[in-house]
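Subject: Structure for you to look at

Hello,

Here is the structure I said I would pass on. Please open it first and then read my notes below.

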Amino acid sequence: GSANISEVFFEDLCFDCQQAAEKALKALLVKKKTSVPRTHDIADLLTLVQKIGFDPSKKILEAAKLTEFSVASRYPGLDEPVTEEEFREALSIAELVVEWVNELLKN
């Protein structure tokens, strides 16, 4: 059945976006045989990726804002509910990161 939009927890979907970006960036570290830190902080991962020679665009660097969603879904109710608009932005950023990494992994 189709879910009523009011029953959708955008926090959960945004957490998935954060996870996709995090796992993609960690894949780049693995490819370059760099040790993968136990962190969910996208900004830290982006910094590491830059240190090993990758050059993420400004758009990719915006993925740092996804980090907040790694916590939001674990502790619902602490912050304002995530809006559909915020989810759509998180999704488009995560998609960009995953596509960027996929291109780099092909080479």
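In this predicted model, Gln18, Ala21, Glu22, Leu25, Lys26, Leu28 and Leu29 of helix α1 touch Ile42, Leu45, Leu46, Leu48 and Val49 of helix α2. Contact here means heavy atoms within 4.5 Å. Helices are DSSP runs of H or I with at least four residues, strands are runs of E with at least two, and both are numbered from the N terminus. By class, this contact has nine nonpolar, one polar and two charged residues. Ala, Val, Leu, Ile, Met, Phe, Trp, Tyr, Cys and Pro count as nonpolar, Asp, Glu, Lys and Arg as charged, and the others, Gly among them, as polar.

Two packed helices are described by the angle and the distance between their axes. The axes of α1 and α2 (residues 42-51) come within 10 Å and cross at roughly 25 degrees. Axes are lines fitted to C-alpha atoms, for helices over the stretch in contact, and angles run from 0 to 180 degrees between N-to-C directions. That makes α1 roughly parallel to α2 (under 35 degrees; over 145 is roughly antiparallel, 65 to 115 roughly perpendicular, the rest oblique). The crossing of α1 and α2 is left-handed, that is, the near helix is turned anticlockwise from the far one by less than a right angle; clockwise would be right-handed.

Helix α1 (residues 10-31) also packs on helix α5 (residues 84-106), with axes that come within 9 Å and cross at roughly 20 degrees. α1 and α5 are therefore roughly parallel too, and α1 passes α5 in a left-handed crossing. Among the residues in that contact are Phe10, Leu13 and Leu25 of α1 and Phe87, Val97 and Trp100 of α5. The contact of α1 with α5 divides into 20 nonpolar, no polar and three charged residues.

Beyond its neighbours within four places in sequence, Leu25 is in contact with Ile42, Leu45, Leu46, Val49, Val97, Trp100 and Val101.

Overall, the protein has five helices and zero strands. Of its 107 residues, 34% count as buried.

Residues are numbered from 1 along each chain as its sequence is written, and side-chain values use heavy atoms, without hydrogens and water. Local features need pLDDT of at least 70 and side-chain atom pairs count only at pLDDT 80 or more, while totals for chains, interfaces and linings use all residues.

Regards

Terms used: Buried < 20%, exposed > 50% of the residue type's maximum accessible area, 1.4 Å probe, protein only.
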